[in-house]
Amino acid sequence: MRNPVPRLLFLIISLFSLELSAQEKYTLSGYVRDETNGEELLGVTVYNDSLRIGTSTNLYGFYSITLPPGSYTFSFQYIGYADQFVTVQLDENLSMNIKLAEEALQMQEVVITDRAVDANVTDIRISSNELNIEQVKSLPALFGEPDIIKTIQMLPGVISAGEGTSSFFVRGGSADQNLILIDEAPIYDPSHLFGLFSVFNADVIKDSELYKGGIPSRYGGRLSSILDVRTKDGNNQGFGGAAGIGSIASRLMVEGPIVKDKGSFIFSGRRSYVDLFLKAAGEENTVSFYDVNAKLNWRANNKNRFFAAFYAGRDLFNFDDIFGFNWGNRTATFRWNHLFNDRLFSNTTLIASNFDYALGLSDPTQAFDWTSDIVEYTFKQDMSYFVDPQNFIEFGLQSTYRNFAPGTIEIDDPESSFREFRQDNIFALDNAIYFDVQHNIGSRLLIKWGSRLSYFVNIGEATVFTYEDPQENVNIVRTGTLEFDKWEPIEDFLNLEPRFSMRYMLTDKSSIKVAYNRMVQNTHLIASGTVPLPFNTWQPSGYYLDPQKSDLIAGGYFRNAFDNQLEMSAEAYYKIMNNVTDFADNATLFFNEDLPVEFRQGTSWSYGLELMVQKQKGDFTGFVSYTWSKTMREVPGINFDDPFPANYDRRHSFNFVSTYELNKKWTFGMNFNYGSGRPVTIPAGRYEIEGNYSANLYTRRNGYRLPAYHRMDLSATFRPGVDREKRIQGQWSFSIYNVYNRKNPFSIFTQVIEDDEGNPNPEGNKEARMIYIFPILPSITYNLTF
């Protein structure tokens, strides 16, 4: 493959050539901010009606538009804010920062979201959903804790494994094939309390978007989706905050200016108190979680701004001081926004991320402590070039160093039956360059094309075992070892990841869109279950694992109605995935020095239809979504080499989500979820040797399905004494989870049939039993803002 560096240099030189050739044009640029708190607004439409051309603010609130000399009137439009019109005499380059004010309507009547009013139709983005945090807060929530992950699980194209989990599955991909970011830093496990809650505190979320297809080239590293969550910068106009006391956890957020209009901070903390209830009841068990978000930003001048963001969260479980485990994520992001000129915007980012877990037993005969973690450090350079209203270019590079520590067992008690064990650390470098070019061709056609070139290297120091048959996991025969020095390449992988999107306007209110993207994933989750557990480990592509790859094609019809209040879409997709990682039947994934012989890689494919109707404005808001999809896998050595449905293959998924504001004091919410049964593998019989029970007999992988899942939740929010002039505003949130007490199956297991007195039957016959998690659950939360 040709060296990509000269091509990138040629692209950059071309950009500056374009600028020099545009000497008879001038540029209007600046930032668009919230008038009340100074937060930059993302996706604001900047439009000139007479020329019918415009642009929008980027991920950091910056806009730029270049036109010939003249007098122009621009509108700045954003859902939930009053339109602002500005007339300028453009006879020189102008810098103009705009402040938008919220519309003076009822508190929840307009739902504020980071998008243009007609973005559903006009935007080139396809297969993406922006998550409305205000709507999330008003919906029914488990134990009264708002959670964007639970809302994501109700979007079209997204499948949930069931209640009580933060895992989600996008268009046939597994849970580990989703890249989850908070302020650009990766989160490897987004769950608290095994998935009852996610790591995202709704009080600090500014913007979040889920990409299922048409993924921009700046993103890579996962096959199925990108969840990009960005936190608030902090109010640089005045001090304020929010707090909440719930059934199982409480939270506090404070924000304010460091120097007004120059810098600000935001800090939030959340903690559960189940452990305090247990201690008060005399229980020896401990169950708790916490998380902390913090962010600082400083605006040196209009060309330079600096950000520092931090996240830390941890879960802790201890049972009778005999068994315990804990896990957590920590991230840090430093970001520098710089304007080289009116059209060239730069974002430089340094990122650190760590995920770790520990579990152990204190029983003297089985005492051990097991620890594992993954650490990564990233440098990113992203550039945005606003050529003119018809052309926009993004390009950049990134480099990541990863250190995988699969696991270490330490023994403190000499009587323990376990032995000291350590799997060697594994190291990798993940590098990429990318570009995206967006063209307006006439008034109807908009195309975006680009590519990402990724170069992944598994490096030493390492010792790699070789085997007579790497696919034999019973009678394992080692044939030797390969030694690699520190930083010495073990295996490297170069992959081109092209991206393409197109939008064609049929009318002012309707459009069609198509997209294609290739994605490559070089980190592999080592887990055998459907739902990733916190104590699973990760491994990079290398000597025994090839990169996973996917190709996705999606197309859809989009229409708005009733003055853009109603948004409708219908999308179809097809995705093929190669080298998907699976594991041999009865694989041993822990304490295994010969783990590579358990690896299996094969092919997966998925296709489906997604329908959605959404209402964004008015007293009644919400959405209805339906997904039909099919996901299959074919992995050599599994299921007799025949295709089988993936663990998360739900053919039908229907969701109804709504909020209704009765008046200033009362808002009601409701959601209903239905999903057809997902596949499971259960024994079809058992082996017997000379009349003695030996083992379960399994026939087909995922040969059975659980019953259908459905649930309805209700909520009501009461704001007593609503007064916009009051400094402190309080509200009560009441919710009922699983209103009609549906027993939804979470999993299934087999056990020996017992008689009425609990005695097993003499023949040892077994029956299948289902596990149910949540019955009807009411909750109350008190929230306040100040």
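This is a predicted model: local features need pLDDT of at least 70, side-chain atom pairs count only at pLDDT 80 or more; totals for chains, interfaces and linings use all residues.
Of the 786 residues in this protein, 55% count as buried. The mean pLDDT comes out at 86, and 87% of the residues reach 70 or more.

Now for the overall build. The protein has five helices and 51 strands. Take the contacts with a separation of 6 or more: residues 24 or more positions apart account for 67% of them.

One group of strands to pick out is an open sheet of five, running in the order β9-β16-β17-β12-β13 with mixed pairing. Its edges are β9 (128-130) and β13 (185-186), each of which pairs on one side only. At the β13 end, the partner is β12 (residues 178-182), and the two pair in the antiparallel sense over two bridges. Look for I182, which stands opposite A185 in β13.

Next, move along to a nonpolar patch on the surface. Its members are I258, V259, L296, W298, F306, F334, L350, F379 and L397, and together they have about 750 Å² of accessible area. Strands β19 (249-259) and β21 (286-301) each supply at least two residues of this patch. Another member, F379, is found in strand β25 (residues 368-388). F379 counts as partly exposed because its relative accessibility is 34%, which falls between the 20% and 50% cut-offs.

Finally, a few spots in the backbone deserve a look. Most residues other than glycine have a negative phi, and most peptide bonds are trans. Here, though, a cis peptide bond joins G460 and E461, with omega at about 20 degrees. You'll find E461 in the loop between β29 (445-459) and β30 (462-467).

Positive phi values turn up too. N579 isn't a glycine, yet its phi is near 60 degrees. This residue is found in strand β37 (residues 566-583), and with a relative accessible area of 24% it is partly exposed. D641, likewise a residue other than glycine, has a phi near 65 degrees. D641 lies in the loop between β39 (620-634) and β40 (644-645), and at 44% relative accessible area, D641 is partly exposed as well.

Methods
Residues are numbered from 1 along each chain as its sequence is written. Side-chain values use heavy atoms; hydrogens and water are left out. Helices (H or I, at least four residues) and strands (E, at least two) are DSSP runs, numbered from the N terminus. Buried means under 20% relative accessible area, exposed over 50%, partly exposed in between (1.4 Å probe, protein chains only). Contact means heavy atoms within 4.5 Å. Two strands pair if DSSP finds at least two bridges between them. pLDDT is the predictor's confidence in each residue, from 0 to 100. Patches are made of residues with over 30% relative accessible area and no salt bridge: like charges are joined within 9 Å, nonpolar side chains (Val, Leu, Ile, Met, Phe, Trp, Tyr) within 5 Å. Accessible areas come from the Shrake-Rupley method with a 1.4 Å probe; for residues, only the protein chains shown count as cover. A salt bridge is a side-chain nitrogen of Lys or Arg within 4 Å of a carboxyl oxygen of Asp or Glu.
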